[in-house]
Structures are given as C-alpha cells and as structure tokens.
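Open the model in your viewer and keep the selection panel at hand. The tour moves from a single residue to the whole chain, then to the sheet and the core.

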Amino acid sequence: MTMLDALITLPEYEKAIQEDAEAKDFTPPGKLAYSYESDGRQFEIWSGSLADPKVRCILDRAQVLVSLFVEAGTPIQTDDPEWSLERWMVFFV
C-alpha cells in the first residue's frame, strides 16, 4: 500500500478489499459470540481474552485512537502479568 492509496474513493477502497484474497478469509481472534442480520447485511460479534497474543496485538494497535477520541483517555497496560489479562475480554464487531 502506498501513501496515495489513502486518497482513493470509498468505492475504490471497498473494491480493493473485496479483491484481496487475505482480507476475504480474515476472522477476528477469539470465538464467535453472536451473529445477526440487519438491513440485509450480516454482522458478527467476536470475543477474546487479552491473554490471547493476537487479541492483545489488535488492541495495542487500536489504542492509539483512545488519546485522539476520548478526552483524558489513556491506553490500558497490556504488559501486566498473564493472570490479570485473563479477566479482560475484548469484543470485535
């Protein structure tokens, strides 16, 4: 992906994602908690523990948004001992 890819239109982006072989097979880490249909579209809710390294990796990457969108928000520490990470569940829609 190049810097110019960030400037493409939404239809072009959607087409690129639909044609990406790796994107078609993507499922979030964890287990499927619930699925539903709304307005003819299928949605899934996945859940996973922070003890799972894949869940922790996605959360670490997304936490940069906390400081941008939550006033006085601070990212959580994901390098705590494993026993404390087991209690936190992350949900992906």
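In which loop does Gln63 lie? Select Gln63 in this predicted model: the residue sits in the loop between helix H3 (53-62) and helix H4 (64-69).

Stay on Gln63 for a moment. Is Gln63 buried or exposed? Its relative accessible area is 9%, and because buried means under 20%, Gln63 counts as buried. Now show what surrounds Gln63. Setting aside residues up to four places away in sequence, Gln63 touches Pro75, Ile76 and Thr78.

**The whole chain**

Zoom out and colour by secondary structure. The protein chain has five helices and three strands, and along the sequence they follow the pattern α-α-β-β-α-α-α-β. Switch to a surface display: the chain exposes about 7,800 Å², of which carbon and sulfur atoms supply 58%. Of the 93 residues in the chain, 18% are buried. For contacts with a separation of 6 or more, 43% are between residues 24 or more positions apart.

**The sheet**

Next, select the three strands. They form an open sheet in the order E1-E2-E3, with antiparallel pairing. Strand E1 (31-38) and strand E3 (89-92) are the edge strands, each pairing on one side only. Look across the sheet: on average, neighbouring strands are turned by 20° against each other, direction ignored.

Now keep E1 and strand E2 (residues 41-49) on display. These two run antiparallel and are joined by seven bridges. To find a bridge pair, select Ser35, whose partner in E2 is Glu44.

**The core**

Which residues make up the largest nonpolar core? Select Trp46, Leu50, Val55, Leu59, Leu85, Val90 and Phe92, and show their side chains; these seven residues form that core. H3 and E3 each supply at least two of the core residues.

Finish on Val55, one of the core residues. What is Val55 in contact with, leaving aside its neighbours within four places in sequence? Its contacts are Pro29, Gly48, Ser49, Leu50, Val90 and Phe92. Among them, Leu50, Val90 and Phe92 also belong to the largest nonpolar core.

Definitions and conventions. Residues are numbered from 1 along each chain as its sequence is written. This is a predicted model: local features need pLDDT of at least 70, side-chain atom pairs count only at pLDDT 80 or more; totals for chains, interfaces and linings use all residues. Side-chain values use heavy atoms; hydrogens and water are left out. Helices (H or I, at least four residues) and strands (E, at least two) are DSSP runs, numbered from the N terminus. Buried means under 20% relative accessible area, exposed over 50%, partly exposed in between (1.4 Å probe, protein chains only). Contact means heavy atoms within 4.5 Å. Accessible areas come from the Shrake-Rupley method with a 1.4 Å probe; for residues, only the protein chains shown count as cover. Two strands pair if DSSP finds at least two bridges between them. Axes are lines fitted to C-alpha atoms, for helices over the stretch in contact, and angles run from 0 to 180 degrees between N-to-C directions. A nonpolar core is a set of buried Ala, Val, Leu, Ile, Met, Phe, Trp, Tyr and Cys residues joined through side-chain atoms within 4.5 Å.
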